[in-house]
Amino acid sequence: MATILPDLNQKENIYSETTRFFKQAKLGVFLHRSNIHKVKGVSALSIIRFVFSLVLHGMSFSRALKSDRIPKDFRKDVVYDLLKNPTYNWRKLLILVSTYLIEKFIRPLTSERRDCVLIFDDSAFYRNRSKCVELLARAKDHAHHVYFKGFRMLTLGWSDGATFLPLAFSHLSSPKAKNRFQEMDSSIDKRTVGYKRRKEAIQKTTETMFNLLNAVDPEKLGAKAVLFDSWFAFPSTIAKIVRNYSLDVVCMLKDLPRVSYHYEGQSYRLSQLYKMVRKKRGRAKILASIVVGLGHNDEYGQEIQARIVFVRDRNRSKKWLALLTTNMNHTDEDVVRIYGKRWDIECFFKVTKSYLKLGKEFQCQSYDSMFAHTTIVFLRYLMLSLRAREEEDPRTLGQLFYMYCEEIDDIQFAEALLTIIEALGQTLAESFLLTDEKIQDFLDCFINKLPSFLQKPLLKSEAA
């Protein structure tokens, strides 16, 4: 009987994209480096692969446990004990895997002239039906302008414009205690990474941004700029990135009454700057640009300069949008082109929520469990994104996802069919005393007589 939980210590007979990804990404090596291991019982790698494959099998966790494709000694506590362990460094695991894949497989396929960027954005992580989830808070979904119970999932990703890979994330609660429905578990050891994750969750968003940025190596990733939208675009935040990380910033700006920029010795709001600049005539998409100071100095004591580019809002022809870059060598067209890569993270959120069961597969109450499961969901996305890049596949990630689900069904069918054929061969040997050569000739003839849709999974399994 095919199993969702294969023995990873033995050579598998059936080819699988998930098996290939686990070997290609060196999951076993990076699990050890992230202190994710077990002393006895089912290995951590096997458990993670079990959770990783659930969505491809089209099964929920509870349904998988009731199926006959799980070993009898495998219980739900085996999975939950792994996910909720506060000593396991899941963030380090995701960073190690993503960085390795970028260095080994993505950057060799990327031209040096292409701008690689880091992207920050947050997304709503809904838990509206929950009551006792650790650090559960009241948050606002800025996309739909509604309040919800859950977390804001702040994510840092890498993109070269063709491929997006998640690097790190944090489930943000609320810095204000009155907005939190539950506090952190007081029994968590303060020396563990689990406790640090919880403390980070109740920090301000900008502070967590820099924690995530500190966890990665932009130079190793070949990143030249950081992209984010107007929710993070404050002069102090922009200046800190430029000053401490030697990265350019390209972001969207919002006209706020308390945010001003220096121009010709005076401070102006964004809307005031727009009125002052000379606009291009006609229906130009790029209306104007202006060089301003951010009011903060760099490491040499000079005020940090930036260029603001005003572009026409294509959804509202009489409105405008403002983009900022700290790289004075960027042309106006470069600013628009580079900022366009930020859309990759929006597509990432859509795929993880719609196809990969982010926030839906496990309804855990432990903060560590949520963090661990989100990491596994992001690993699923890494597999899809890597395959799409390697094969230059014109299909969307959603189409690739369904293709892998079909592959899992083919593997299960091929295993069952191979079992029948092996039993047929043993029967011929025992009942008719045929030689191995005659039995093989008979089985080859039998397989050749099968329809093509039955031969295909068998031939694939023999080639693996």
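## Talking through a predicted chain

Guide: Lysine 26 has a relative accessible area of 39%, so this residue is partly exposed, and please keep in mind as we talk that the model is a predicted one.

Visitor: Okay, and where does lysine 26 sit?

Guide: Lysine 26 lies in the loop between helix 1, which covers 17-24, and helix 2.

Visitor: What about the phi of lysine 26, positive or negative?

Guide: The phi of lysine 26 is positive, at about 55 degrees, although the residue is not a glycine. As background, most residues other than glycine have a negative phi.

Visitor: Which phi does asparagine 35 have, then?

Guide: Asparagine 35 is not a glycine either, and its phi is positive too, at about 65 degrees. This asparagine is placed in the loop between helix 2 and helix 3, and with a relative accessibility of 36% asparagine 35 counts as partly exposed.

Visitor: And serine 34, where is that found?

Guide: Serine 34 is found in the loop that runs between helix 2 (27-33) and helix 3 (44-57).

Visitor: Is serine 34 buried or exposed, and why?

Guide: Serine 34 is buried, because its relative accessible area is 1% and the cut-off for buried is under 20%.

Visitor: What does serine 34 touch?

Guide: If we leave out residues up to four places away in sequence, serine 34 touches Tyr88, Asn89, Lys92, Leu93 and Leu96.

Visitor: Switching topic, which residues gather in the patch of negative charge?

Guide: That patch is on the surface, and Asp436, Glu437, Asp441 and Asp444 gather there.

Visitor: Take aspartate 441, where is its place?

Guide: Aspartate 441 belongs to helix 16, which is made of residues 436-449.

Visitor: Why does aspartate 441 count as exposed?

Guide: Aspartate 441 has a relative accessibility of 52%, and exposed means over 50%, so aspartate 441 falls in that class.

Visitor: Now the whole chain: how many helices and strands does the chain have?

Guide: There are 17 helices and 11 strands in the chain, and of its 464 residues, 52% are buried.

Visitor: Last one, what share of the contacts join residues at least 24 apart?

Guide: If we consider contacts in the chain between residues at least 6 apart in sequence, the share that joins residues at least 24 apart is 68%.

Technical notes:
Residues numbered from 1 in each chain as written. Predicted model: local features only at pLDDT ≥ 70, side-chain atom pairs only at ≥ 80, totals over all residues. Heavy atoms only, no water. Patch = residues over 30% accessible without salt bridge, like charges linked within 9 Å, V, L, I, M, F, W, Y side chains within 5 Å. Areas by Shrake-Rupley, 256 points an atom, 1.4 Å probe, with all protein chains shown as cover. Salt bridge = Lys/Arg side-chain N within 4 Å of Asp/Glu carboxyl O. Lys, Arg positive; Asp, Glu negative; His and termini not counted. Charge placed at Lys NZ, Arg CZ, Asp CG, Glu CD. Helix = DSSP H or I, 4+ residues; strand = E, 2+ residues; numbered from the N terminus. Buried < 20%, exposed > 50% of the residue type's maximum accessible area, 1.4 Å probe, protein only. Contact = heavy atoms within 4.5 Å.
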